[in-house]
Amino acid sequence: MSAILYLYALVDGEPSAPLEEGIAGEPLRLLPRGGISAVTGALPARPNPDREILERQDAVVRRLAESFGAILPARFGEAFADEAALAGRLGPREREIAEALALVRGCVQMTLRVFGEPEPAPEPDTATGGPGTRHLAARRRQHEWAHSLPEIDPLRAALHPLLRAERIERHGAPGPLVGTAYHLIQRAQAGAYLEALESARGRIGGRRVAATGPWPPYAFAPEPAP
Amino acid sequence: MSEPLELLERSDISLLDTVDNLLNKGLVLTGEVVIGLAGVDLIYLRLSALLCAADRVLPRKAEE
């Protein structure tokens, strides 16, 4: 008897191949709700994140990604008491999830890690306004900086025609990893992406980039509700 | 049928990307998943350190 309903991904449409099994060999089930379906498995308990189980979940999600036109992979460990609990969580976010599914349809994610010397963070503007205004402006600059990688702007310009969406995270901590750009591209354009990357690689000075992919579009799934 | 998901060689960096994808990205519907995986922040810190180490240690093909 199973204790939890484990969520692998949200999808729409019908699979082009049998769903097969989940991380514990359990049969996968498609639970439709409106235009969205949840791919789930019944597990005795929430799994612990060790290397083997992460690789198994990755394999399950990649297989599903080939079988559905649009997929939003769940973060590891997403579990619900039962179908009603899952439906309760999905309900209020249906529109947001449908939009995210539309964005990722037919697409894959490329992950571009940037190594080398970071650019210095921008100097604060000579502030105008009161302390509250200055504080908010500083917070906004911090947020923008945390989601920008000027170090690879020439490379991003070369890739831009291929990008359906982009998400950027600066690493922030000491070390050679400057940050990561997550790029959403059409599945058929992975080769063109790598070619564009190779030809533009020399434009970023002494910094290095390492691309992996194609991945299912993990970085383009909605974040937790605010 | 081609195998688009195997287009790139799956190196150690892509193992670390698997960890990044599954623990740090992906759809979150419940706050519990973050709380339930109390070790995730620690794992992600290690991931960052490993990514840096991997860059120094692994011979990369892309040096040309």
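1. Ala158(A) belongs to helix α5 of chain A, residues 153-159; helices here are DSSP runs of H or I with at least four residues, strands are E runs of at least two, and both are numbered from the N terminus. Ala158(A) counts as partly exposed because it has 16 C-beta neighbours inside 10 Å. On this scale a residue is buried if 20 or more other C-beta atoms lie within 10 Å of its own, exposed if 12 or fewer, and partly exposed in between, with C-beta atoms placed from the backbone. Leaving aside residues up to four places away in sequence, Ala158(A) touches Ala196(A) and Ala200(A); a contact requires that the C-beta atoms of two residues, placed from the backbone, lie within 7 Å. Ala65(A) is 93 residues from Ala158(A) in sequence, and their C-alpha atoms are 27 Å apart.

2. The model is predicted: local features need pLDDT of at least 70, side-chain atom pairs count only at pLDDT 80 or more, and totals for chains, interfaces and linings use all residues. Residues are numbered from 1 along each chain as its sequence is written, while chains are lettered from A and ligands numbered from 1 in the order in which they are written.

3. Chain A contains six helices and nine strands. Of its 226 residues, 35% are buried. Its C-alpha atoms fill a box of roughly 60 × 45 × 35 Å along the principal axes. Among the contacts of chain A with a separation of 6 or more, 77% involve residues 24 or more positions apart.

4. Chain A is divided into domain 1 (4-104) and domain 2 (107-220), with bounds that come from an automatic or database domain assignment. The domain centres, taken over C-alpha atoms, are separated by 29 Å. Eight residues of domain 1 of chain A are in contact with seven residues of domain 2 of chain A. On the domain 1 side, the elements that give two or more residues are α1 (51-67), β4 and α3 (94-104) of chain A. The residues of that side divide into seven nonpolar, no polar and one charged. In this division Ala, Val, Leu, Ile, Met, Phe, Trp, Tyr, Cys and Pro count as nonpolar, Asp, Glu, Lys and Arg as charged, and the others, Gly among them, as polar.

5. Strand β1 of chain A (residues 4-12) is mostly covered, with seven of its nine residues buried. Strands are taken to pair if DSSP finds at least two bridges between them. β1(A) runs antiparallel to β3(A), residues 36-43, over seven bridges, and Leu7(A) stands opposite Thr40(A) of β3(A). Four bridges join β1(A) to the antiparallel strand β4(A), residues 70-73, where Ala70(A) stands opposite Asp12(A). Two bridges join β1(A) to β5(A), residues 79-80, again in the antiparallel sense; here Tyr6(A) has Ala79(A) as its bridge partner.

6. An open sheet of four strands in chain A has the order β7-β8-β6-β9, with antiparallel pairing. Its edge strands, each pairing on one side only, are β7 (163-170) and β9 (208-215) of chain A. Neighbouring strands are turned by 20° against each other on average, direction ignored; axes are lines fitted to C-alpha atoms, for helices over the stretch in contact, and angles run from 0 to 180 degrees between N-to-C directions.

7. Within this sheet, β8(A) is largely enclosed by the rest of the structure, because eight of its 10 residues are buried. Nine bridges join β8(A) to β6(A), and Met110(A) has His183(A) as its bridge partner in β8(A). Seven bridges join β8(A) to β7(A), with Gly179(A) the bridge partner of Arg170(A). The hairpin of β7(A) and β8(A) has six residues between the strands, and Gly172(A) takes a positive phi near 85° there. Six bridges join β6(A), residues 107-115, to β9(A), where Trp215(A) stands opposite Gln109(A).

8. Helix α6(A), residues 190-200, lies across β6, β8 and β9 of chain A, running at about 180° to β9(A). Helix α4(A), residues 131-146, lies largely in the open, because the number of buried residues among its 16 is zero.

9. Chain B has three helices and zero strands. Buried residues make up 30% of its 64 residues.
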